Amino acid sequence: MSTLKPFLNEKVKVLTADGRLLLGVLEGFDRTTNLVLSSAKERIFSIDEPTKDISMGLCIVRGNEVVSISDYDEQVEDSTDYSKIFAEKLKDTRNSLID
Amino acid sequence: MLFFSFFKTLVDQELKNDVKITGTLRSIDQYLNIKLDNVQTDVAKYPHFVAVRSVFIRGSTIRYIHLNPNSVDTNLLQDASRREAMASSGDKIVGR
């Protein structure tokens, strides 16, 4: 069984179906990968503006919106200067074979 | 699970959002949810994955899993599939 247990109470990055990136502490999950994130923030990447974070507090992410959940190396993360990173928005996961 | 025991190696994934992720298969479940270790992605293109160590991917978002044909022994796989089918059904499978 591929469980999310090792990620519990860890800082994680969550990718959603519409291409957004959420960061937060994983407080809980269930079988359908519904997630509870605390001290969550959304990180917005843009090709012409520096990366910015928007604070969202405690939130639930519905399972069907989740693409991936990853833990990360905090040292590497903290030493990354996101104000100098420009990137295209990720595509969503819906019907992207059509376009 | 046969799939897991057989593909415990390096796999390449393509997600429905066109992101490609390579890593070592750690575990997999009945939804095809997958956990990868030693994750490698094009971080310059996708800074979303900066500093990422291991990743859990929801099965529903996976488009392809690429396997290196050289690492797949079809005879061994055939045998293993038979054995698993036999074990799960309890019936005797008549060989070729």
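1. In strand 4 of chain B, B:Val52 is the bridge partner of A:Tyr72. Strands are DSSP runs (E, at least two residues), as helices are (H or I, at least four), numbered from the N terminus; two strands pair if DSSP finds at least two bridges between them.

2. This is a predicted model, in which local features need pLDDT of at least 70 and side-chain atom pairs count only at pLDDT 80 or more, while totals for chains, interfaces and linings use all residues. Residues are numbered from 1 along each chain as its sequence is written, chains are lettered from A in the order in which they are written, and side-chain values use heavy atoms, without hydrogens and water.

3. Chain A brings 36 residues to the contact and chain B 29 residues (heavy atoms within 4.5 Å). About 2,800 Å² is buried between the two chains, 56% of it from carbon and sulfur atoms; this is the accessible area (1.4 Å probe) lost on putting the two parts together, summed over both.

4. The count of salt bridges between chain A and chain B is one. A:Asp71 and B:Arg53 form a salt bridge, with the closest N and O atoms 3.7 Å apart (the criterion is a side-chain nitrogen of Lys or Arg within 4 Å of a carboxyl oxygen of Asp or Glu).

5. On the side of chain A that touches chain B, strand 1 (11-16), strand 5 (66-72) and helix 1 (74-78) each supply at least two residues. Strand 5 gives the most, with seven residues.
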